[in-house]
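This report describes selected features of one protein model. Please keep the sequence and the structure in view while reading.

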Amino acid sequence: MRVRFGPVDGPDAVVRKGAEERQGQLTKPAGALGRLEALGNWVAACQGVVPPKQFERARVVVFAGDHGVAKHGVSAYPSEVTGQMVANFRNGGAAVNVLARLADATVRVEDIAVEGDTAAEISRFKVRRSSGSIDREDALSETEVQAALAAGAAIADEEIDSGADLLIAGEMGIGNTTPATVLIATLTDTEPVVAVGRGTGVDDAGWIRKTAAIRDAMWRARPHVKDPVALLRTASGADLAAMAGFLARAAARRTPVILDGVVVTAAALVADLLAPGARDWWIAGHRSSEPAHTIALTRLNQEPLLDMEMRLGEGSGALTALPILRAAVATLADMATFAEAGVSTAEPGATAEEASTADVGA
């Protein structure tokens with residue numbers, strides 16, 4: 001099954017202008033809420049209404065998958081941890097679960113390419129067991145990359161059709177920062193040593209092995225830099241390809257997304273090639289400590305909401321930022337206007353007559 005993507009129209013510019021006008025009528029000096037104002041305007045434009053509505057069904061989807069390259073010493077943890085953490089997500093014990101409860105969001109986990117078996121209800125979209133070791137072989141076959149893209153698009157459709165009004169893509173997969181860095185460095189023409197981070201916390205020897213693997217994978221990926229599907233097939237993994245399909249479809253369905261860390265943002269870079277314009281439907285939740293993340297954010301023209309030196313993944317950075325986005329919606333929607341509050345907008349130094357005749361709703 002081949003999934004078709006295409007250009008995506010951006011959020012409603014007319015509504016955004018209306019939101020900007022409302023910001024000027026609220027009981028505060030113009031621009032006093034700083035970036036919260038721009039965020040509120042963006043949400044209004046995404047929703048197509050002023051004032052915007054508070055998010056009622058914020059939903060995190062964690063895409064889980066293993067990577068063959070993890071067998072070659074690029075991670076501080078063994079691949080078995082992926083399946084173990086999937087169980088932890090389902091039991092509500094991971095950071096993503098804790099932060100979701102705090103931010104009034106819910107969590108769904110999907111096994112896209114976990115090496116072992118998982119419960120039937122989370123493996124309906126499973127593409128394969130682990131993806132290929134991208135430093136020496138393709139991550140996926142052509143059939144598999146299409147299946148992964150279709151899975152991501154179908155998951156986005158399911159969530160939006162069931163009422164999700166804000167989406168977050170999370171991930172879990174030992175070794176997944178290696179393909180993520182390959183995608184980012186290849187698409188931005190960045191040298192491996194500049195882009196490679198510590199991932200799960202590898203030591204110096206592990207960093208050297210990881211850099212070598214990324215260098216070799218980039219050599220295999222470069223011929224496909226202008227073909228996003230071929231690039232995913234060669235140098236990503238089923239989980240990253242599914243995330244790319246998820247992000248592209250969410251934008252096509254006019255649903256805002258908070259981006260998480262380096263792995264999700266790598267998928268976003270490819271999604272914006274699959275569906276040009278999709279980036280306008282995303283906001284970066286945070287800046288991780290992975291060097292490649294800043295490189296990818298710069299390419300997407302995204303300024304993250306937070307910089308907390310986080311590098312966990314799972315959707316944790318995006319969830320930490322979600323209350324900020326909720327605050328932006330609340331201030332734009334729920335603050336009183338000057339007219340409603342009976343607050344004068346006359347400038348200091350105005351005469352009594354000017355103040356008495358000032359239009360408080362101006």
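## Paired strands

Strands S1 and S2 run parallel and are joined by 8 bridges; two strands pair if DSSP finds at least two bridges between them. Helices (H or I, at least four residues) and strands (E, at least two) are DSSP runs, numbered from the N terminus. Ala64 has Asp111 of S2 as its bridge partner.

S2 is mostly covered, with 7 of its 9 residues buried. Buried means under 20% relative accessible area, exposed over 50%, and partly exposed in between, with a 1.4 Å probe and protein chains only.

## Basis and confidence

This is a predicted model, in which local features need pLDDT of at least 70 and side-chain atom pairs count only at pLDDT 80 or more, while totals for chains, interfaces and linings use all residues. Residues are numbered from 1 along each chain as its sequence is written, and side-chain values use heavy atoms, with hydrogens and water left out.

The pLDDT, the predictor's confidence in each residue from 0 to 100, averages 93 for the protein chain, and 95% of the residues score at least 70. Over residues 350–362 the pLDDT is below 50, and this stretch has 13 contacts in the model beyond near neighbours in sequence. Where pLDDT is low, the predicted coordinates should not be read in detail.

## Crossing of H2 and H13

The axes of helix H2 (residues 35–47) and helix H13 (residues 316–334) come within 8 Å of each other and cross at roughly 80°. The two helices are therefore roughly perpendicular, a term for angles of 65 to 115 degrees; under 35 counts as roughly parallel, over 145 as roughly antiparallel, and the rest as oblique. Axes are lines fitted to C-alpha atoms, for helices over the stretch in contact, and angles run from 0 to 180 degrees between N-to-C directions.

H2 contributes Leu36, Leu39, Gly40, Asn41, Trp42, Val43 and Ala44 to the contact, and H13 contributes Ile324, Leu325, Ala327, Ala328, Val329 and Leu332; contact means heavy atoms within 4.5 Å. These residues divide into 11 nonpolar, 2 polar and no charged.

## Backbone features in loops

Val50 and Pro51 are joined by a cis peptide bond with an omega of about -5°. Pro51 lies in the loop between H2 and strand S1 (58–65).

Ser130, which is not a glycine, has a positive phi of about 60°. Ser130 is in the loop between strand S2 (105–113) and helix H5 (142–161), and is buried at 6% relative accessible area. Arg254 also has a positive phi, near 60°. Arg254 is in the loop between helix H10 (238–252) and strand S4 (257–259), and counts as partly exposed at 37% relative accessibility.

Technical notes: Nonpolar A, V, L, I, M, F, W, Y, C, P; charged D, E, K, R; others polar.
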